[in-house]
Amino acid sequence: GSTFKVITGSGALQDGVAKTDTIITSTGSISVPNQYDPRILYYFYDWAALGVMNFYRGLAMSSDVYFYYLAGGYKDFKGLGPDRLAEWARIYGLGQKTGIDLPGEAKGSVPDPQWKEDTFHEEWLTGDTYNFGIGQGFMLTTPIQMARVLVGILNGGDLLQPHVVKEVQAPDGSPVVRYGRTVQSHLP
């Protein structure tokens, strides 16, 4: 799930929700009051109390709390929100097939409030956004999709069609079909 944090993080940076020097403190968890009874608190935990972090430290430490803020906001901090986070996941090619040359590829699923309403007949909650922001909850992706996301970041923004086969050869060794670098889209 934490590999998804690069989507939340880059989306937050691109949309101006955060900057690389945005400071967030993780005391180990955040709490959200129940919308009907504020005396009931729901806790969303980090893997440790990681202290004061800027964007780079939040990413390096894989702080859930840092990315809860970026995804769903907290107190006075406004996060991306579920619809914009879903849009960023789709920009990175999630929720669709990569076109890899293997049979039976799954497309996965990118959740948003309308998807939850259509699927479960339930409203989207802040906790859903927090879980989504760290790649958990209703988010469904494949390892090859997430590998393509990371390659897209590392190569300057090109989302490539992955291949297992480099080329198909005739019995004499001459190439019949060669698969080259195919850019399917470019990240903003």
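Helices (H or I, at least four residues) and strands (E, at least two) are DSSP runs, numbered from the N terminus. On this basis, the secondary structure of the protein chain comes to seven helices and eight strands. The structure is a predicted model, in which local features need pLDDT of at least 70 and side-chain atom pairs count only at pLDDT 80 or more, while totals for chains, interfaces and linings use all residues. Residues are numbered from 1 along each chain as its sequence is written, and side-chain values use heavy atoms, with hydrogens and water left out.

The C-alpha trace of the protein chain spans about 75 × 40 × 25 Å along its principal axes. The accessible surface (Shrake-Rupley method, 1.4 Å probe; for residues, only the protein chains shown count as cover) comes to about 10300 Å², and carbon and sulfur atoms account for 55% of this area. Of the 188 residues in the protein chain, 40% are buried, where buried means under 20% relative accessible area, exposed over 50%, and partly exposed in between (1.4 Å probe, protein chains only). With contact defined as heavy atoms within 4.5 Å, residues 24 or more positions apart account for 59% of the contacts in the protein chain with a separation of 6 or more.

A nonpolar core is a set of buried Ala, Val, Leu, Ile, Met, Phe, Trp, Tyr and Cys residues joined through side-chain atoms within 4.5 Å. The largest such core holds 38 residues, and the members that touch the most others are Phe4, Ile7, Ile30, Leu94 and Phe132. At least two residues of this core are supplied by each of helix H1 (5–14), strand S2 (29–33), H3, helix H4 (82–91), helix H6 (126–133) and helix H7 (143–154). H3 provides the largest share, seven residues.

Helix H3 covers residues 64–72, and eight of its nine residues are buried. These are Asp64, Val65, Tyr66, Phe67, Tyr68, Tyr69, Leu70 and Ala71. The N-terminal end of H3 is capped by Ser63, with a side-chain oxygen 3.4 Å from the backbone nitrogen of Val65; a polar contact is a pair of N or O atoms within 3.5 Å, and within protein one must be able to donate a hydrogen and the other to accept it, while residues adjacent in sequence count only if both atoms are side-chain atoms. Just after H3, Gly73 adopts a positive phi of about 75°.

Ser26 is found in strand S1 (residues 24–26) and counts as buried because its relative accessibility is 2%. Its side chain reaches the backbone nitrogen of Gly28 at 3.3 Å.

Rings of Phe, Tyr and Trp (its six-membered ring) pair if their centres lie within 6.5 Å; planes under 30 degrees apart count as stacked, over 60 as edge-to-face and the rest as tilted. By this rule there are 16 aromatic pairs. Phe55 counts as buried at 6% relative accessibility, whereas Tyr56 is exposed at 52%.

Trp124 and Phe132 form another edge-to-face pair, with 6.3 Å between centres and 75° between the planes. Trp124 and Phe132 are both buried. One aromatic cluster is formed by Phe4, Trp115, Phe120, Trp124, Phe132 and Phe138. Beyond its neighbours within four places in sequence, Phe132 is in contact with Phe4, Pro82, Leu85, Ala86, Ala89, Val110, Pro111, Trp124 and Met139.

Gln145 lies in helix H7 and is buried, with a relative accessible area of 1%. Residues up to four places away in sequence left aside, Gln145 touches Gly93, Leu94, Gly95, Gln96, Thr98, Ala106 and Lys107.

Strand S6 and strand S7 (residues 175–178) pair in the antiparallel sense over three bridges; two strands pair if DSSP finds at least two bridges between them. Val177 in S7 is the bridge partner of Val168. The hairpin of S6 and S7 has five residues between the strands, and Gly173 takes a positive phi near 95° there. His163 lies in the loop between strand S5 (158–160) and strand S6 (167–169). At 28% relative accessibility, His163 counts as partly exposed. Outside four places in sequence, its contacts are Ile100, Asp101, Tyr179, Gly180 and Thr182. His163 and Thr182 are 19 residues apart along the chain, and their C-alpha atoms are separated by 9.5 Å.
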